[in-house]
Amino acid sequence: MQSPKFNALLSKYSTLVIFIIPALTIFTMFVVLPIIEAAYYSFYRWDGYGDPNKYVGLKNYKYLFKNKTFILSLKNNFYIIAISLFLQLPFALLVALMISDKIRGANFFRTVFFLPYILAEIVTGLIWAYIYDGNYGMVAAIWNFFGAEPPHMIAEKETAMIALYIVIFWKYFGIHMMIYIAGLQNISKEVLEAARVDGAGPVTTAWRIKIPIILPTIRLSVFLSILGALQLFDIIMPLTGGGPSNQTHSMVTYLYYFGVMRMKFGFGSAIGVVIFLICFTIALTYQRTLMRKD
Amino acid sequence: MKNLFKFIIGSVSLFFFSSVQADTIKWLHLTGESSPEYPNFVRAVEEFEAKTGHKVEMMYLENESFKAKLPTMLQSDDRPDIFNSWGGGVMYAQAEAGFLRDISDVITDEYLSTLSAAAANAFVYKGQRVGVPRNVSQVTWWYNKDLVNQAGVDVNGIKMWDDLLSAVKQIKSAGITPICIGGKDKWPVHFIWTHLHIRNGGESLFLESLENGGWDRPEYIKSGEQMLELVALEPFQDGWLSHTWPDQAGFFGDGKCAMAFMGNWMYPAQKSNSASGEGLGDDNMGIFSMPMTPGALGDSADTLGGINGWLVSKTAPDSAVEFLMHLVSADIQNEDAAKGAYLPVVKGADKSITNPLLAQVANNIGNSQYHQIFYDQFLGPDIGRVVNDVSTDLAAGIISAEEAAQLVQESWEFNQ
Amino acid sequence: MFSNFRSYYMYLFLFLLAGIIFIPLYVSIAGGFKTIGDLRTNSLGLPTEWIVSNYTSLLVDNKFWLFTWNSVLYAAGTTFLVILLASMTAFVFAHMKFIGSRFLFNYFILGLTFPFATAILPLFLRVRDLGLLGSVWAVILPQIAFGLAFAIILFRGFFRQMPSELFDAAFVDGCTYSQFYFRFTLPLSTPIIATVAVINLVGSWNNYLLPLIMINSESLYSWPLGIMVFRGEYITDWPKILAFVSLTLIPAVVFFLALQRFIVAGLTGGAVKE
């Protein structure tokens with residue numbers, strides 16, 4: 001005879017096991033193990049067949065950090081982060097401050113500004129690839145209209161990165177704006193009313209009251225922006241494919257072109273490990289310091 | 001589920017039709033429907049299906065997608081039975097990885113004797129025959145007669161690299177774009193640099209470098225410097241780094257530039273990619289070989305080009321090889337050669353070439369003692385792509401001649 | 001007066017910005033109706049002659065619908081399974097005390113900082129060695145795995161806020177854990193299910209890298225793969241490409257406008273609630 005208590009426990013633990021095992025298995029097999037394997041493969045030269053057997057030590061990493069294209073892709077990633085943080089986010093905040101209040105047309109503007117974010121990256125890249133096209137594109141048409149020789153924005157190494165920044169700005173400022181609006185709308189009416197009674201104008205209110213209150217939200221959007229920038233891939237592929245002559249690679253497109261397409265499992269894994277370490281370090285320090293208070 | 005289904009169907013059909021098993025042969029090719037050889041693709045399939053009862057499933061991928069997709073495709077169950085190849089190191093790597101099938105047991109000596117031996121042997125790796133050749137090609141300068149005349153250039157006088165440079169200058173000063181190039185795809189650019197290698201270093205230095213390294217030797221740095229001389233003249237069309245090979249062919253076919261450095265597949269491609277679909281008239285086009293360079297170790301008759309063919313993947317049925325023997329046959333190759341689709345590999349089919357330009361190319365290859373296969377294919381998937389990258393960087397003026405040579409050498413060392 | 005003046009400039013700015021957002025979308029849709037020559041000389045205006053064949057030829061193309069259907073399959077499969085598996089796991093974390101629960105939860109959280117591109121090659125090998133390459137599972141399983149961490153966090157937070165009286169009462173009535181999960185937890189969780197669904201639907205629908213590497217047969221292409229192959233074939237025939245682009249644009253915009261509340265709440269709220 002089993003006691004009811006034992007039955008209850010049995011039921012609890014069987015539920016626990018049944019509920020957790022599928023997620024745990026899939027997560028371990030497709031997320032955790034591949035990362036560990038990447039670290040292991042990165043010390044080998046391997047075409048992916050049989051067991052990795054050609055141990056090369058740190059050769060993959062050495063080659064990587066000597067490789068100009070990789071260094072450039074690393075720099076590009078950090079430029080994108082810098083532009084996002086110092087131009088895109090302040091701009092998004094400015095727009096959010098304008099339309100977080102119940103002004104006329106606020107909903108319309110929110111919808112429009114958020115729209116690019118829901119478009120697929122591939123589609124965004126293709127649309128802009130057309131716009132920038134030096135022969136058929138919109139930019140070229142505008143230049144031609146003024147009788148000027150049209151620029152080939154994504155074909156010149158001087159302008160290709162700028163072209164990419166513009167697309168990133170266009171696509172992503174809306175999500176940050178929306179996050180800020182969500183934060184701004186949570187500010188209690190009393191606080192704002194008190195500020196108004198004290199005679200604070202809109203600029204002072206924004207600067208002294210609104211922004212300090214939504215600081216945790218801003219920190220979060222900074223974090224999302226950094227991690228997003230480090231994983232940039234889909235937009236670059238249709239837009240420049242990393243060109244002209246490898247000037248606009250991000251670390252992930254570099255990984256795709258130099259690791260995946262060439263089926264270099266060891267070298268490609270080393271690239272993956274570097275990206276992972278950068279993301280992990282940033283996430284960790286960020287959570288340990290800035291986001292701890294939140 | 002799908003596999004189970006396949007298995008059941010497979011077992012059932014095996015049970016009932018074990019004597020006449022019908023295969024489905026998956027054939028991956030790069031030939032668009034507007035290409036001149038496409039009708040004969042269809043014809044070969046129809047004839048083969050009618051004759052044998054097997055089915056041939058044609059799959060088309062555009063050139064760049066093909067190169068991107070093939071490595072993963074070969075590892076999956078979706079792998080094609082027959083697919084396009086440019087031979088050389090990329091093919092060796094595929095063979096080493098065990099993707100290819102040795103077809104010696106199916107292919108007949110009688111059939112092999114109909115093919116040019118040099119072409120057929122390009123698809124033998126370590127004693128295993130892994131494919132069948134289809135065509136040969138040569139990379140030359142193509143020019144638009146009207147535009148060149150308009151600029152007052154006499155192409156017959158272009159014997160040395162400097163002659164080419166002055167011709168480019170002259171064309172440019174006449175307000176005409178001298179050279180169209182597909183910089184985005186990179187490989188069209190590497191033809192120029194590597195053909196200079198062939199001139200400057202010749203066969204002996206190539207083989208030496210392949211064996212012992214030395215891709216940064218002075219002869220190869222010299223190629224880079226020569227290329228930079230050309231680049232300094234800004235010879236390419238505006239936005240060339242964002243243009244692909246089909247763009248390049250289209251521009252040339254539309255008469256937007258005076259010259260292009262390309263293989264003889266330019267002939268059909270400049271038609272199919274031009275705005276009108278007609279391209280330049282036969283009498284408005286000409287070719288000349290890469291000029292010689294001062295102090296060159298190579299011979300002026302040496303050629304850069306390809307021996308293209310069809311590879312057979314490891315799980316392909318025997319019928320796939322039988323289909324290839326039907327596809328690369330005298331009947332079809334004679335007809336395609338007459339249409340100017342490509343240069344055939346079946347013995348004697350070159351006599352069917354009516355187009356004087358292609359006849360000239362066939363003649364060049366016949367006279368060549370050293371026909372170097374495209375570097376990007378011959379040097380394997382990794383070094384080959386580095387060569388493409390650095391050639392484009394050179395043309396974009398991002399790196400120096402020394403750096404370019406150095407990068408190839410580094411990649412070679414890394415792959416040892 | 002000053003305020004009016006300022007708001008005048010503010011609206012000018014906002015409308016200008018809205019224009020900048022709209023123009024690329026407008027030129028794409030209009031461009032799909034143009035001839036190539038028209039597109040070159042008249043890229044901002046309406047088509048001088050409306051060419052509908054670029055659109056109609058796609059709409060009668062079986063491949064176009066096949067790619068769309070495949071994407072639906074990937075998105076639906078991923079979303080359904082993420083919701084099921086993540087909510088079950090989160091349920092355990094929210095309502096059951098057991099040794100190692102904290103450790104396990106942190107183990108899942110770790111997944112948040114793993115961009116899946118970093119392990120793409122080992123992931124490819126895993127999928128290949130399981131014999132799944134070129135099947136729908138090659139896309140769905142990794143997508144689930146990488147969607148779990150965030151979904152578990154969202155579900156756990158939500159489940160914890162459910163009134164505990166409900167739970168106690170159900171237990172007195174002899175309800176087991178699994179019965180409680182199916183009878184009470186899931187039906188009461190529609191808001192958070194909507195959030196998780198939106199995140200995963202949009203993510204899967206737009207995913208490019210994973211299908212690019214895992215899918216080889218055209219019969220399983222997702223639409224982003226299809227559109228890139230199309231682009232490869234038509235290179236400079238921009239009207240054709242823009243027509244394809246617009247055809248994917250329109251449903252996305254309609255879907256967004258119709259379910260705007262859910263989508264914005266899902267995508268921003270999901271982020272904020274973390």
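Domain bounds here come from an automatic or database domain assignment. By that assignment, chain C is divided into domain 1 (2-31) and domain 2 (61-273), and the C-alpha centres of these two domains of chain C lie 34 Å apart. Their contact takes four residues from domain 1 of chain C and six residues from domain 2 of chain C, where two residues are in contact if their C-beta atoms, placed from the backbone, lie within 7 Å.

A word on what you are looking at: this is a predicted model, in which local features need pLDDT of at least 70, side-chain atom pairs count only at pLDDT 80 or more, and totals for chains, interfaces and linings use all residues. Residues are numbered from 1 along each chain as its sequence is written, while chains are lettered from A and ligands numbered from 1 in the order in which they are written.

Helix α2 (residues 59-66) of chain A packs against helix α13 (residues 265-288) of chain A at an angle of about 70 degrees, with their axes 9 Å apart; axes are lines fitted to C-alpha atoms over the stretch in contact, and angles run from 0 to 180 degrees between N-to-C directions. α2(A) and α13(A) are therefore roughly perpendicular (65 to 115 degrees) to each other. Asn60(A), Tyr61(A) and Leu64(A) are what α2(A) brings to this meeting, and among their partners in α13(A) are Phe267(A) and Val274(A).

Finally, chains B and C touch through 14 residues from chain B and twelve residues from chain C. On the chain B side, α3(B) gives the largest share, five residues.

Note on methods:
Helices (H or I, at least four residues) and strands (E, at least two) are DSSP runs, numbered from the N terminus. Angles under 35 degrees count as roughly parallel, over 145 as roughly antiparallel, 65 to 115 as roughly perpendicular and the rest as oblique.
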